Amino acid sequence: MSRLSHFIFASLVLAGPVIHAQPAEPPPTVIECSGPAETISTDTETIATFRDQVVVTGNNIKLTCDYLKVVAIRKGDPSATLGSYGHFKSLIATGNVRIVQGDREATCGRAEVFPGEDRIVLSEEPVVRSFDDEYIATGPRLVLYRGQRRAVIEGNELERARITLPAIKDLGFDEENKDGQNQ
């Protein structure tokens, strides 16, 4: 191939994504652990468990925990020994759970992720905070909704819902005008 041919080929390869701008495929979900990983298939689901220093990386998210149970809808031949993974039904993470996404993180003892319902339920001392500490939310149970910019912080008689935000500007009276009268 001549230099000109190499240049044209390289130009087309580089320009291809610009000319044919198609949505990029999300990256695959990768799950790693230092302990045993086990998969069990039924006719309808594939259930996988991971133990010890579990790390999940996916589309703009990283989750770490001590134990993870993944339930996926099974696809393919139901009589196959191990089923193929379809879409995720749920992920249940327990023990030292930490979820990092964008500029925020959540920590708790238990996280239940329901991708089909676009929600995550955090329990066992959950804390959600921005990395700049602009906000911190705690309570006995937090429910986060994907794509809605919505979080429900549930409180109860024993443990109140709590949100810590930046300071509010002092709205008090000036020292010169302590008695509240206008001058």
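Strands here are DSSP runs of E, at least two residues long, numbered from the N terminus. Keep that in mind for every view below, and note that the model is predicted.

**View 1. Val143, a buried residue in strand S10.** Val143 sits in strand S10. Its relative accessible area is 4%, so Val143 falls under the 20% cut-off and counts as buried. Who is around it? Setting aside neighbours within four places in sequence, Val143 is in contact with Ile120, Val121, Arg150, Ala151, Val152 and Glu154. For a sense of spacing, the C-alpha atoms of Val143 and Ser123 are 8.9 Å apart, while the two residues lie 20 residues apart in sequence.

**View 2. The largest nonpolar core.** This core has 21 residues. The ones with the most contacts inside it are Cys65, Leu68, Ala93, Val97, Ile99, Ala111 and Leu122.

**View 3. Zooming in on Val97.** Val97 is among the core residues with the most contacts. Which residues does Val97 touch, leaving aside its neighbours within four places in sequence? The list runs Thr64, Cys65, Ala106, Thr107, Cys108, Gly109, Arg110 and Ala111.

**View 4. The largest pocket and its lining.** The pocket has a volume of about 1200 Å³. Of the 37 residues that line it, Ile61, Gln101, Arg104, Ile120 and Arg146 are the closest to its centre. Two or more lining residues come from each of strands S3 (45-58), S4 (61-75), S5 (84-101), S6 (104-114), S7 (119-123), S10 (141-145) and S11 (150-154). Which strand gives the most to the lining? That would be S6, with five residues. By class, the lining is made up of 24 nonpolar, six polar and seven charged residues.

**View 5. The Glu45 and Lys89 salt bridge.** Side chains of opposite charge can pair when their charged atoms come close. The model holds nine salt bridges by count, and here is one of them: Glu45 with Lys89, at 2.7 Å from N to O. The pair ties together distant parts of the chain, with Glu45 in strand S3 and Lys89 in strand S5, 44 residues apart.

View 6. Glu105 pairs with Arg98, the closest N and O atoms being 2.5 Å apart. Glu105 also forms a salt bridge with Arg129, at 2.9 Å from N to O. This second pair spans distant parts of the chain: Glu105 belongs to strand S6 and Arg129 to strand S8 (residues 127-130), 24 residues apart. Glu105 itself is buried, with 10% relative accessibility. Its two partners count as partly exposed, Arg98 at 38% and Arg129 at 21%. For Arg129, the 21% figure is not under 20%, so this residue does not count as buried. Asp133 comes in as well: Arg98, Glu105, Arg129 and Asp133 are linked in a network of salt bridges.

How values were computed. Residues numbered from 1 in each chain as written. Predicted model: local features only at pLDDT ≥ 70, side-chain atom pairs only at ≥ 80, totals over all residues. Heavy atoms only, no water. 1 Å grid on protein atoms, 1.4 Å probe; cavity = no way out; pocket = protein on both sides within 12 Å on 5 of 7 lines; lining within 4 Å. Points joined across faces, edges and corners; volume = space filled by probe spheres on them. Helix = DSSP H or I, 4+ residues; strand = E, 2+ residues; numbered from the N terminus. Nonpolar A, V, L, I, M, F, W, Y, C, P; charged D, E, K, R; others polar. Salt bridge = Lys/Arg side-chain N within 4 Å of Asp/Glu carboxyl O. Buried < 20%, exposed > 50% of the residue type's maximum accessible area, 1.4 Å probe, protein only. Core = buried A, V, L, I, M, F, W, Y, C linked by side-chain atoms within 4.5 Å. Contact = heavy atoms within 4.5 Å.
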